[in-house]
Number of protein chains: 2
Amino acid sequence: MKENYKITIQYEGTRYDGWQKQGNTDNTIQGKLEQILEKMTGELVEIHGSGRTDAGVHAMGQVANFHLPEGQEAPAVMQYLNRYLPDDIAVTAIERVPERFHSRLNAVKKTYLYQIETGPKRDVFVRRMQYGLGQPLDVEAMRLAAKLLVGTQDYKSFCGNRKMKKSSVRTVESITVHCDPGSSVIAISFVGNGFLQNMVRIMTGTLIEVGLKKRSWKEMPAILAAKDRQEAGFTAPAEGLCLAGVIYGDE
Amino acid sequence: MKENYKITIQYEGTRYDGWQKQGNTDNTIQGKLEQILEKMTGELVEIHGSGRTDAGVHAMGQVANFHLPEGQEAPAVMQYLNRYLPDDIAVTAIERVPERFHSRLNAVKKTYLYQIETGPKRDVFVRRMQYGLGQPLDVEAMRLAAKLLVGTQDYKSFCGNRKMKKSSVRTVESITVHCDPGSSVIAISFVGNGFLQNMVRIMTGTLIEVGLKKRSWKEMPAILAAKDRQEAGFTAPAEGLCLAGVIYGDE
């Protein structure tokens with residue numbers, strides 16, 4: 001009998017090729033975790049993430065699950081992982097969960113955060129987490145555009161995978177454009193039931209173009225209706241994006 | 001005629017050999033700044049820092065001053081510096097100041113912050129700013145010890161330079177041991193009129209030894225009285241230390 005473990009992971013994605021394992025020349029978060037679990041158990045352990053994150057994207061609360069032979073203590077597993085993980089990946093929580101729990105299939109909501117420095121220079125201590133745009137943005141226009149991107153809609157125009165065959169309908173519950181008074185940092189949070197490939201980064205790029213007045217907030221419905229990636233804005237850089245957390249049914 | 005400029009600088013010290021310029025193989029904050037000012041003005045410009053920081057030590061509010069030929073606009077000077085500085089050094093403020101202003105001689109107070117992760121793994125996003133101790137500390141004992149290290153005293157036992165000839169009397173106004181409930185991070189702030197070489201790090205190392213119960217808080221007066229570096233604790237690692245700010249007479 002195997003037992004099922006759920007872990008919460010944070011990582012600074014800067015020097016990784018994203019979450020998802022990639023065969024031989026593996027430099028991914030999933031790969032690092034699996035290598036350590038294999039060392040610990042002496043057998044191959046497959047980790048299921050709540051979803052992929054692109055190369056360079058960070059996570060404060062990625063969630064994954066995996067099965068281990070019976071009889072392990074959860075805190076000891078977490079300790080072992082943290083001892084062998086590099087400094088830029090950490091397991092922040094672990095719990096044993098029912099056999100049926102699957103981190104991707106059971107995820108109900110995800111929250112992403114995208115941070116933009118509009119001033120001339122990023123704060124040196126958080127620079128790796130921000131996109132250094134270096135130009136002022138019209139936050140009010142971005143908020144009007146963000147409102148129009150919320151809902152249950154076909155987000156095909158915001159999908160980076162042009163060959164995607166499955167449904168591109170998703171529910172985006174909220175997009176909030178935060179800006180503290182006097183701060184030159186703009187943070188956009190996205191909450192939804194799932195996001196297509198690059199979707200958060202393309203939405204962010206589109207909102208940035210609105211903020212730069214390169215396009216009007218009123219264009220959003222037409223962009224959605226076109227179902228054409230060409231109609232949306234640029235893909236904002238990975239470094240500004242962070243998977244903030246994943247919510248499950250019982251939470 | 002030259003004009004005098006005061007700048008505030010933040011840096012992540014991780015990859016530098018400290019603040020102070022070092023001849024040929026220069027990899028210092030001061031050196032980087034002077035190189036850019038030389039490029040800008042076509043002449044050598046000497047920068048005076050409020051004080052040195054060791055290799056690997058960070059700053060949120062280092063202050064320095066330098067003289068430039070007349071007719072420069074302060075914001076343009078800051079913009080030029082930030083354009084050519086690497087990502088881990090930033091100028092956050094600039095102002096033209098009276099000729100007599102000197103960042104080291106006029107400094108009235110300095111604040112340092114030392115951060116310690118007592119849990120098994122540092123938060124990946126702030127890890128470069130923390131010492132990863134990985135052991136619990138007795139905060140109350142540290143607070144009792146800290147109280148005894150405050151005052152106008154001879155801090156020779158806490159001086160890393162054993163050949164120091166000048167007075168090692170300093171005034172330490174406060175040492176505060178912060179720990180948020182539920183947090184495994186301990187932050188110690190030091191406010192004083194000046195600190196000897198490695199003094200904050202040796203005080204921190206001594207407080208850590210008290211927190212680990214390797215020594216009693218009651219030993220502090222004897223350590224001070226000994227005027228002997230051997231009596232104090234270890235020199236805590238540079239990575240946990242940050243020069244938070246420098247206060248001048250008129251502030």
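How many bridges join strand β5 of chain A to β10(A), and do the two run parallel or antiparallel? Seven bridges join them, and the strands run antiparallel.

Before I go on, some ground rules. This is a predicted model, in which local features need pLDDT of at least 70 and side-chain atom pairs count only at pLDDT 80 or more, while totals for chains, interfaces and linings use all residues. Residues are numbered from 1 along each chain as its sequence is written, and chains are lettered from A and ligands numbered from 1 in the order in which they are written.

Back to β5(A), which covers residues 107-117. Strands here are DSSP runs of E with at least two residues, helices are runs of H or I with at least four, and both are numbered from the N terminus. Two strands pair if DSSP finds at least two bridges between them. On the β10(A) side, A:Lys109 stands opposite A:Ile247. β5(A) is also joined to β9(A), residues 185-192, by eight bridges, again antiparallel. There, A:Lys110 has A:Gly192 as its bridge partner. With β6(A), residues 131-132, the pairing of β5(A) is parallel, over two bridges. A:Ile116 is opposite A:Tyr131 in that strand.

Next, one residue: A:Ala238. It sits in the loop between α5 (220-226) and β10 (241-248) of chain A. A:Ala238 counts as partly exposed because it has 18 C-beta neighbours inside 10 Å; buried would take 20 or more other C-beta atoms within 10 Å and exposed 12 or fewer, with C-beta atoms placed from the backbone. Setting aside neighbours within four places in sequence, A:Ala238 is in contact with A:Asp54, A:Ala55, A:Gly56 and A:Val57. Contact means that the C-beta atoms of two residues, placed from the backbone, lie within 7 Å. A:Met40 is 198 residues from A:Ala238 in sequence, and their C-alpha atoms are 32 Å apart.

Now the domains. Chain A is divided into domain 1 (2-97) and domain 2 (109-248), with bounds from an automatic or database domain assignment. Their C-alpha centres lie 27 Å apart.

Last, the two chains. Chain A and chain B each give 16 residues to their contact. On chain B, β1 (2-11), α2 (74-84) and β4 (89-97) each supply at least two residues of the side that touches chain A.
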